[in-house]
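Hi there,

Here is the structure I promised to pass on, with some notes on what turned up in it. Please have a look when you get a moment.

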Amino acid sequence: MFKSTPLQAVLDLDDAFARKDLEAVLSFYEDSAVLVIEPGRLARGKEELRRVFAYLFTLNGRAHQIQTNVIESGDIALFTSRWSFEGVGPNGEPFKKESIATSVFRRGQDDAWRMVIDNSHGPAVLTVADV
């Protein structure tokens with residue numbers, strides 16, 4: 001899977017997630033990537049990301065990008081999106097979540113774009129920030 005642009009990487013990641021292809025999902029992240037699980041709670045590195053995504057797969061969900069924006073500077077890109085996620089909670093009840101994401105990508109030596117920071121909660125992280 002060649003991630004030719006940050007946007008294409010996100011779309012391909014969403015597809016891999018829908019297929020529950022854990023190794024493909026992880027290939028969209030750098031080895032030391034950081035994922036915001038929820039405001040105030042982070043997963044660091046592929047082993048922690050592996051556990052998070054394995055759990056998320058149990059929700060039988062699908063992510064959808066509603067609106068996206070990419071700002072690139074050399075080999076770094078800021079990806080911002082409004083997205084939604086629909087799934088089934090542990091209680092068996094369907095749910096839908098919509099949020100703003102801010103993610104940082106880096107283009108590797110192989111020209112593929114991978115996430116360094118994945119903040120699918122966007123500005124919600126400000127609610128728990130240290131003052």
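Predicted model: local features only at pLDDT ≥ 70, side-chain atom pairs only at ≥ 80, totals over all residues.

Apart from its neighbours within four places in sequence, L49 is in contact with L26, Y29, A33, L35, A43 and R44.

Now to the sheet. Its six strands form an open arrangement in the order β2-β1-β6-β5-β4-β3, and the pairing is mixed. The edges are taken by β2 (41–44) and β3 (62–73); each has a single partner strand, so one side of each lacks a neighbour in the sheet. From one strand to the next, the twist averages 25°.

Within the sheet, β5 (residues 94–107) and β6 (residues 113–119) run antiparallel and are joined by six bridges. If you want a pair to display, S103 has D118 in β6 as its bridge partner.

Then there are the helices. Helix α1 (residues 6–18) lies across β1 (29–38), β3, β4 (76–88), β5 and β6, and runs at about 155° to β3. Helix α3 (residues 45–57) also packs on the sheet, where it touches β1 and β2, and its direction makes about 45° with that of β1.

Best wishes

Key:
Residues numbered from 1 in each chain as written. Heavy atoms only, no water. Pairing = 2+ DSSP bridges. Helix = DSSP H or I, 4+ residues; strand = E, 2+ residues; numbered from the N terminus. Axes fitted to C-alpha atoms, helices over the stretch in contact; angles between N-to-C directions. Contact = heavy atoms within 4.5 Å.
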